[in-house]
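Let's take a walk through this protein fold together.

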Amino acid sequence: MSGSSRHLLQIRGSHPDAIRRLLASARDCSALMGDELAGTTIANLFFEDSTRTRVSFTVAAQRLGASVVDLSGKGSSVSKGESLTDTARTVEAMGVGALVVRCAQSGGAGLIANAVSCAVINAGDGRHEHPTQALTDALTLARATGRESDFDFSGLRIAIVGDCAASRVARSNIACLTAMGAEVVCCGPPSMAPGSLESLGCAVSRDMDEVVGSVDAVMMLRIQFERSSSIGSPREYRDRYGLTRERGERMRPGAWVMHPGPMNRGLEIDGEVADGDRSLVLRQVESGPSVRMAALLSCVKACRESCTSAG
Ligand code: CP
């Protein structure tokens with residue numbers, strides 16, 4: 001991602017200024033209801049299930065005056081064996097301005113970006129990245145901690161807990177939060193929070209009780225059962241790594257609880273904590289449309305500019 005990229009595929013490797021620009025644009029989009037993308041069609045290509053991301057991209061596109069078409073794996077020619085890139089090129093040929101892609105293949109959004117001329121936004125590709133979720137989380141955290149003017153997260157310590165290895169949300173959040181200056185610690189059993197995560201710029205801990213009392217926000221992750229994540233006994237997992245009511249009570253005063261959703265209540269997070277005073281879960285959802293508006297605006301405008309300069 002750069003300031004003028006027609007694609008948003010990942011946060012990792014992005015310049016902090018480019019992330020800040022998108023966050024500032026998202027902040028300013030909150031009250032926007034315009035026609036910036038009137039006449040543009042956005043295609044949601046969702047080959048994996050979604051509620052939050054898909055709906056918020058649709059809401060975002062509509063708030064910008066764009067029209068939206070939806071395609072999913074089931075009910076499209078993907079179910080007959082058509083490849084991701086053939087599907088994307090087919091939809092693009094109908095005059096679509098941007099493709100919003102969710103797929104099970106890590107790197108799938110990048111493959112599509114290499115095959116088309118329109119803008120491509122990664123809405124979650126396998127275990128790779130989910131960049132607009134991380135931007136949504138960063139905007140929410142900035143609002144909650146009074147850092148919405150400069151998005152400087154220096155001095156914040158954030159825990160990401162659970163199935164980090166399988167999580168595209170974790171990968172995008174580690175990149176985004178550390179670029180904004182936060183300290184990040186991933187916590188979980190070795191299979192889910194391997195020491196190799198340290199190469200991404202975060203710390204790794206096995207001690208949820210120590211972590212929970214020493215951070216400014218705890219970001220819980222869903223166990224990715226559909227990606228073959230195994231937790232052994234659910235009760236033991238909850239006892240060791242769950243954000244239980246008791247652990248929630250041991251958090252620092254003013255510390256926040258986050259979860260990108262969907263949640264496994266009673267497993268990685270207790271319902272009382274998910275719905276409690278510290279919870280930002282619904283505020284994360286609220287931030288979604290304005291972040292997706294900023295992403296669509298940035299990528300579609302960059303795409304138009306590159307088409308114009310190419311003559
Ligand atoms: N957080 C997230 O990506 O949720 P959905 O799968 O519902 O889009």
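Two strands pair if DSSP finds at least two bridges between them. Helices (H or I, at least four residues) and strands (E, at least two) are DSSP runs, numbered from the N terminus. Keep in mind that this is a predicted model: local features need pLDDT of at least 70, side-chain atom pairs count only at pLDDT 80 or more, and totals for chains, interfaces and linings use all residues. Residues are numbered from 1 along each chain as its sequence is written, and side-chain values use heavy atoms, with hydrogens and water left out.

**The five-stranded sheet**

Let's start with an open sheet of five strands, in the order S8-S7-S6-S9-S10, where the pairing is parallel. Its edges are strand S8 (203-205) and strand S10 (256-258), each of which pairs on one side only. From one strand to the next, the twist averages 25° (axes are lines fitted to C-alpha atoms, for helices over the stretch in contact, and angles run from 0 to 180 degrees between N-to-C directions).

| Strands | Bridges | Partners |
|---|---|---|
| S6 and S7 | five, parallel | isoleucine 158 and valine 184 |
| S6 and S9 | four, parallel | valine 161 and methionine 220 |
| S7 and S8 | three, parallel | cysteine 187 and serine 205 |

In general, strands of a sheet pair through backbone hydrogen bonds, either parallel or antiparallel.

Now zoom in on S6: is it mostly covered or mostly open? It's mostly covered, with five of its five residues buried (buried means under 20% relative accessible area, exposed over 50%, partly exposed in between, using a 1.4 Å probe and protein chains only). In a regular strand the side chains alternate between the two faces of the sheet. In S6, Arg157, Ala159 and Val161 are buried on one side, and Ile158 and Ile160 are buried on the other. From S6 the chain crosses through helix H6 (residues 168-179) to S7, and this β-α-β crossover is right-handed (with the strands pointing away from you, the path from the first strand over the helix to the second runs clockwise).

Helix H5 (residues 131-144) lies across S6, S9 and S10, running at about 165° to S10.

**Around strand S5**

Next up is strand S5 (residues 119-125), where seven of its seven residues are buried. Strand S1 (residues 7-8) joins S5 in parallel through two bridges, and histidine 7 has valine 120 as its bridge partner there. Strand S4 (residues 98-103) also runs parallel to S5, with five bridges between them; valine 100 stands opposite isoleucine 121. Together, S4, helix H4 (residues 108-115) and S5 make a right-handed β-α-β unit.

Which residues of H4 are buried? They are Gly108, Ala109, Ile112 and Ala113. Seen down the axis of H4, these fall within an arc of 140°, so they line one face of the helix (the arc is that of the directions from the helix axis to the C-beta atoms). Their cover includes S1, helix H3 (84-92), S4 and S5, going by contact, meaning heavy atoms within 4.5 Å. The face turned away from the buried side of H4 carries the exposed residues Leu111 and Asn114.

How many disulfides does the whole structure have? For cysteine 164, the nearest cysteine sulfur belongs to cysteine 186 and is 3.9 Å away. Cysteine 164 is buried, with a relative accessible area of 1%, and cysteine 303 counts as buried at 7%.

Notes
A disulfide is a pair of cysteine sulfur atoms within 2.5 Å.
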